[in-house]
Amino acid sequence: QVRTMPETADTAAAAATAGTKRPRSDEDSAADEAAAASAAPLTADGEMPQKKFYRSRAHVNPLSHNNAYEYPTKPTLLDWTAEHYPNHPDLAKNANDDKPTNIVPNVLDIGCGFGGLTIALSTLLPTKTILGLEIRDKVTEYVRLRIVALRKEHPGQYENASVLRSNTIKFMPNMFAKSSLDKVFFCFPDPHFKRKNHPRRIVSDRLLSEYAYFLKPTEGRLYCITDVEELHQWHVRHCRSHPLFRELTQEEMEDDPCVAAMRVETEEGKKVERAGAAKYYAVYQRLPDEEVVVGKRAAVTAENFWTE
C-alpha cells in the first residue's frame with residue numbers, strides 16, 4: 001500500500017512552476033564569481049606567490065613509483081632554452097652566430113625547496129646557468145612563479161635561473177651529459193633517519209659515482225650542508241671514501257663565496273639560524289681522471305687498459 005502526502009497550496013504552486021526557469025539573483029552571481037575564482041590559477045604569472053598556499057609535506061619517497069615525471073630518453077632531446085631560459089644573457093651575446101645557442105644548466109641546486117639558494121646563485125654566479133631541482137610539485141610551482149615575478153620586477157636579472165620538478169635519484173642520466181656540471185648543491189636534504197630508509201638518501205656510493213660522471217674533472221665541486229650531525233658524518237664517510245672526490249680544506253671553503261651562500265640563503269638554513277642550531281657542511285672537488293686512485297692502483301681507463 002502506497003501512502004501519498006495531501007496536496008497543499010505550496011506543493012500545488014511548486015508543481016505549477018516546475019517547468020519554468022527561476023530568475024537569477026545576486027546570490028547566484030556571487031556564487032558564479034566564487035566558482036570562477038576557484039578555477040583560476042592561485043597566482044598569475046608575474047605576481048609574487050605567497051608561500052602559505054604552496055606548502056607541502058616535507059618527506060617524499062624518491063624510490064616510489066606512484067609519481068609520474070616527464071623526462072627525455074637522453075639529454076640531447078631536452079630543450080632548456082625555450083622553456084627555462086628564453087632570455088638568457090648568452091643568447092644576446094651569440095645573436096649573430098649562425099648556429100643557435102643551446103643553453104644548458106651547469107649549476108644544480110638539488111632539493112631546492114622554496115628556491116632561496118637557487119635565486120641567490122643567480123646573481124652570485126651571473127655567468128653560470130642555475131637550475132633548482134625539486135621533487136614536490138606544489139613547491140616547484142612556487143619557485144617557478146617566484147622566478148617569473150623576480151624577472152618582471154628586475155628586468156634583465158634572474159634570466160639564468162629556473163626550476164624543474166624531477167626525481168634526481170632516478171632521472172639525472174636522462175637530463176645531463178657527462179662532465180657538464182660545475183657545481184652541485186645538497187642543502188639540508190631529508191635525513192631519512194630509519195636504517196631501512198637509508199637507500200633513499202641523496203648521497204650514497206652509487207649516486208656519488210653518478211655525480212662524478214656529471215661534474216667537470218678538476219673544477220667540478222659538490223656541496224653538502226645539514227643540521228643533522230649523523231647525516232653529516234654519513235656525507236663525510238661516503239665522500240671521503242669515494243676515489244673521485246677530494247675534500248676541500250677550511251681555507252679553500254672560506255675562499256669560495258658559494259659556501260657562505262648555502263649557509264645563509266636557504267629557507268631551511270634561515271630556520272636553523274633562528275633556532276640557534278648548528279650547521280654541518282663540507283665541499284668536495286671532482287678529481288682529474290688521471291689522479292684517481294682506487295685502492296692502491298690507478299683507475300683503469302681506455303688509455304692505460306693494457307698496462308694496468
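The lining of the largest pocket is made up of 16 nonpolar, ten polar and 14 charged residues. Here Ala, Val, Leu, Ile, Met, Phe, Trp, Tyr, Cys and Pro count as nonpolar, Asp, Glu, Lys and Arg as charged, and the others, Gly among them, as polar. The pocket has a volume of about 980 Å³. A pocket, on a 1 Å grid over the protein atoms alone, is an open set of points where a 1.4 Å probe fits, with protein on both sides within 12 Å along at least five of seven lines, and lining residues have an atom within 4 Å of a point. Of the 40 lining residues, Ala58, Gly111, Arg136, Phe188 and Asp190 are the closest to its centre. H12 gives the most to this lining, with five residues.

Before going on, note that this is a predicted model, in which local features need pLDDT of at least 70, side-chain atom pairs count only at pLDDT 80 or more, and totals for chains, interfaces and linings use all residues. Residues are numbered from 1 along each chain as its sequence is written, and side-chain values use heavy atoms, with hydrogens and water left out.

Now turn to the second largest pocket, which holds about 490 Å³ of space. Of its 22 lining residues, the closest to the centre are Glu83, His84, Val163, Leu164 and Arg165. H3, H6 and E3 each give two or more residues to this lining, and H6 provides the largest share, seven residues. By class, the lining has eleven nonpolar, three polar and eight charged residues.

That brings us to helix H6, residues 137-153. Helices (H or I, at least four residues) and strands (E, at least two) are DSSP runs, numbered from the N terminus. At 1.5 Å a residue, the 17 residues of H6 should span 24 Å, and its end C-alpha atoms are 24 Å apart, which agrees; the expected span is 1.5 Å times one less than the number of residues. Among the buried residues of H6 are Val139, Tyr142, Leu145 and Leu150, where buried means under 20% relative accessible area, exposed over 50% and partly exposed in between (1.4 Å probe, protein chains only). Their cover includes helix H5 (116-124) and strand E2 (130-134).

Two loop residues deserve a look. Most residues other than glycine have a negative phi. Tyr158, in the loop between H6 and E3, has a positive phi of about 65 degrees and is buried, at 14% relative accessible area. Thr218 has a positive phi of about 75 degrees, but is partly exposed, at 44%.

Notes:
Contact = heavy atoms within 4.5 Å. Points joined across faces, edges and corners; volume = space filled by probe spheres on them.
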